[in-house]
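The turns below do that.

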Amino acid sequence: MVPYGKCSEQLESLQNTWLPLTEPKIRNSRQAIVVADLKADLPDAWQRFLANCVLQHIPVIDYDTSIEIIEHQVKIDNLYEHFVQTLNPSPVYLVIKDVLDRILASVFLFFLSPAFLLISICIRLDTPGPALFKQIRIGYRGKPFLMYKFRSMYHSDGRWSGPTEKEDQRITRVGRFLRRHRLDELPQLINVCLGQMSLIGPRPEAVSLARRYSREIPFFKFRYVVKPGITGWAQVEQGFAAEIDTVLKKLRYDFFYIKYFSPTLDTLILIKTIGVILLGKGYR
């Protein structure tokens with residue numbers, strides 16, 4: 001860590017994370033990563049040091065970026081200055097991801113068709129009502145679409161209102177198991193095949209919640225620049241969120257995903273999702 005600017009201000013709290021440099025020199029540069037406040041007024045010797053690092057293929061990371069990487073989320077203070085210019089994910093990867101999503105979703109639907117039938121039968125035997133639950137959600141570029149899930153609540157129009165609470169009494173016995181292991185989300189593979197969703201991306205919100213969040217959080221709509229997903233970075237890092245304060249935290253994770261949108265991050269989310277499914281963490 002170059003001890004100037006924000007790095008110097010936060011040096012004490014970050015000493016267990018980064019090693020502060022006492023001079024513009026690295027003795028063992030083979031696996032080094034240099035963190036510096038690139039907006040700070042650095043002395044000439046340190047500026048030359050950073051230039052040499054770049055020439056020697058030593059990664060140089062801005063202080064704010066290093067904090068994002070450590071915390072796995074993007075700070076939303078001064079969002080317009082810090083983040084707007086990075087809200088354009090790679091168009092090439094967007095196309096490749098869309099094609100792979102549709103192929104994989106089609107394969108999953110084919111092999112999981114017996115499980116779909118078994119789950120549908122269990123739902124119908126447990127409580128009266130349809131096996132599928134349909135709801136309008138807000139998707140890519142802010143366009144609404146009809147999203148599918150396995151029904152996990154009692155089928156009664158008067159009991160559907162409001163977000164799901166912890167230990168919600170509207171959830172059925174079968175529904176609780178489905179929610180714990182995220183099996184209620186499987187029908188969204190249909191939405192992926194239709195091009196409305198991705199396997200991985202920010203979770204789509206219901207129309208009423210999306211409108212509320214858009215009113216209370218001016219930059220909420222930024223999350224629509226990629227397709228919504230069955231699973232996402234916020235889901236594996238945070239879990240369920242409905243209140244404004246927890247939604248703000250979820251947005252930090254969503255923006256982290258958009259900013260670092262890549263096959264590597266998608267693979268990491270997929271691995272973490274498997275762990276969430278097996279352990280049943282963070283459900284409601």
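This is a predicted model: local features need pLDDT of at least 70, side-chain atom pairs count only at pLDDT 80 or more; totals for chains, interfaces and linings use all residues.

Q: What makes β3 and β4 a pair of strands?
A: Pairing requires at least two bridges found by DSSP. Strands β3 (residues 132-138) and β4 (residues 144-150) are joined by 7 bridges and run antiparallel, so they meet the criterion. In the hairpin, 5 residues lie between the strands, and Arg-141 takes a positive phi near 60°.

Q: Why do β3 and β6 count as paired?
A: β3 and β6 (residues 205-206) share 2 bridges in the antiparallel sense. The rule asks for at least two, so the pair qualifies. Ile-138 stands opposite Glu-205 in β6.

Q: How do you know that the buried residues of α9 line one face of the helix?
A: Val-207, Leu-209, Ala-210 and Tyr-213 are buried in α9 (residues 207-216). Seen down the axis, the buried residues of α9 fall within an arc of 160°, so they line one face. On the other side of α9, Ser-208, Arg-211 and Arg-215 are exposed, a term that requires over 50% relative accessible area.

Q: What is the volume of the largest cavity, and how many cavities reach the 30 Å³ cut-off?
A: The largest cavity has a volume of about 40 Å³, and the count at 30 Å³ or more is 1.

Q: Which kinds of residue make up the lining of the largest cavity?
A: The lining divides into 7 nonpolar, 1 polar and 2 charged residues. Among the lining residues are Ile-138, Gly-139, Arg-203 and Arg-223.

Technical notes: Residues are numbered from 1 along each chain as its sequence is written. Side-chain values use heavy atoms; hydrogens and water are left out. Helices (H or I, at least four residues) and strands (E, at least two) are DSSP runs, numbered from the N terminus. Buried means under 20% relative accessible area, exposed over 50%, partly exposed in between (1.4 Å probe, protein chains only). The arc is that of the directions from the helix axis to the C-beta atoms. On a 1 Å grid over the protein atoms alone, a cavity is a set of points where a 1.4 Å probe fits but cannot get out, and a pocket is an open set with protein on both sides within 12 Å along at least five of seven lines; lining residues have an atom within 4 Å of a point. Grid points are joined across faces, edges and corners, and a volume is the space filled by probe spheres set on the points. Ala, Val, Leu, Ile, Met, Phe, Trp, Tyr, Cys and Pro count as nonpolar, Asp, Glu, Lys and Arg as charged, and the others, Gly among them, as polar.
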